[in-house]
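Hello,

Here is the structure we talked about, for your files. My notes on it follow below.

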Amino acid sequence: PDTDSVYASVPGVNRQINGQLESPYMDEYSIGYGVQIGSKGYFRADYINRSWANFYVNTTNMSTGQVEDSLGNRFDLRLINNSSDYHQRKYDGVQMSGSYRFTDRLNLGANYTYATLKGTAEGEASGSATDSITAADAYPEFREPEWNTPNHYLGGDIRHRFNGWISYDLPMGRFGNLNFSWLERFRTGSPYYQNATISTASYVTNPGYLQPDYTWTYWFDVENENRTEDEHRSDLGIN
């Protein structure tokens, strides 16, 4: 690269696996209880706890060193490894569901979930179960992890979800049954925050990186989250 280059990624040269990678994983613990309501209904409640770990992280700092390609170009080395030291992603939820058949023709049911999803990493990407993230000790001279990757409610944090339905079968003689169903859906909005891309070039003296990364996304209001509007939907089905 020329002397004006501020970033380069050459797989196998300046982007290497640090030792041996292991798959990220998620531990789940759950406990539930269900009860039969006579011969026509049921109710069940579950508590679910999920915790992610072993994230893929990218690390570049003064200790990772530099490498050179076959043409003599030199780069800062980026190492890919697993880490659970700083990044986290945790889910807690309570799920309840039930239904009751009042008659052979009339059936009612509903389910409800209260949940929180909080952490420092979204941890998922489009078309992929996981995504690599910046390690807490990457470019420590140019960024503060508490501002760049703060602990906050993540995009999948839908606090309340509710689905309720009623179904009725109307006999039509030799033509069978005509079924009417009504479904109500409700979910609260997703969180969003104010952030901006900033440059720390004016505040930090380069300690020796060949391609220093001056530009970072900083979050400014993780303590005062905003949320999109709640969603409500009604569906009528006739079969």
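Strands here are DSSP runs of E of at least two residues, numbered from the N terminus, and two of them count as paired if DSSP finds at least two bridges between them. Please note that the model is predicted.

The sheet. Four strands form an open sheet in the order E1-E7-E4-E10, and the pairing is mixed. Strand E1 (15–17) and strand E10 (133–134) are at the edges; each has a single partner strand, so one side of each has no neighbour in the sheet. Strands E4 (residues 55–59) and E7 (residues 78–83) run antiparallel to each other and are joined over five bridges. In this pair, tyrosine 56 lies opposite asparagine 82 of E7.

Serine 83. This residue also belongs to strand E7. Serine 83 is buried, because its relative accessible area is 17% and the cut-off for buried is under 20%. Its side chain comes to 3.3 Å from the backbone nitrogen of aspartate 85. Leaving aside residues up to four places away in sequence, serine 83 is in contact with Asn54, Phe55 and Val57.

The surface. A nonpolar patch, with about 1,000 Å² of accessible area together, includes Phe102, Leu108, Trp182 and Ile238. Strands E12 (160–171), E13 (177–187) and E18 (231–238) are the elements that give two or more residues to it. E12 gives the most, with three. Phenylalanine 175, another member of the patch, sits in the loop between E12 and E13. Phenylalanine 175 is exposed, at a relative accessible area of 67%.

Regards

Key: Residues are numbered from 1 along each chain as its sequence is written. This is a predicted model: local features need pLDDT of at least 70, side-chain atom pairs count only at pLDDT 80 or more; totals for chains, interfaces and linings use all residues. Side-chain values use heavy atoms; hydrogens and water are left out. Patches are made of residues with over 30% relative accessible area and no salt bridge: like charges are joined within 9 Å, nonpolar side chains (Val, Leu, Ile, Met, Phe, Trp, Tyr) within 5 Å. Accessible areas come from the Shrake-Rupley method with a 1.4 Å probe; for residues, only the protein chains shown count as cover. A salt bridge is a side-chain nitrogen of Lys or Arg within 4 Å of a carboxyl oxygen of Asp or Glu. Buried means under 20% relative accessible area, exposed over 50%, partly exposed in between (1.4 Å probe, protein chains only). A polar contact is a pair of N or O atoms within 3.5 Å; within protein, one must be able to donate a hydrogen and the other to accept it, and residues adjacent in sequence count only if both atoms are side-chain atoms. Contact means heavy atoms within 4.5 Å.
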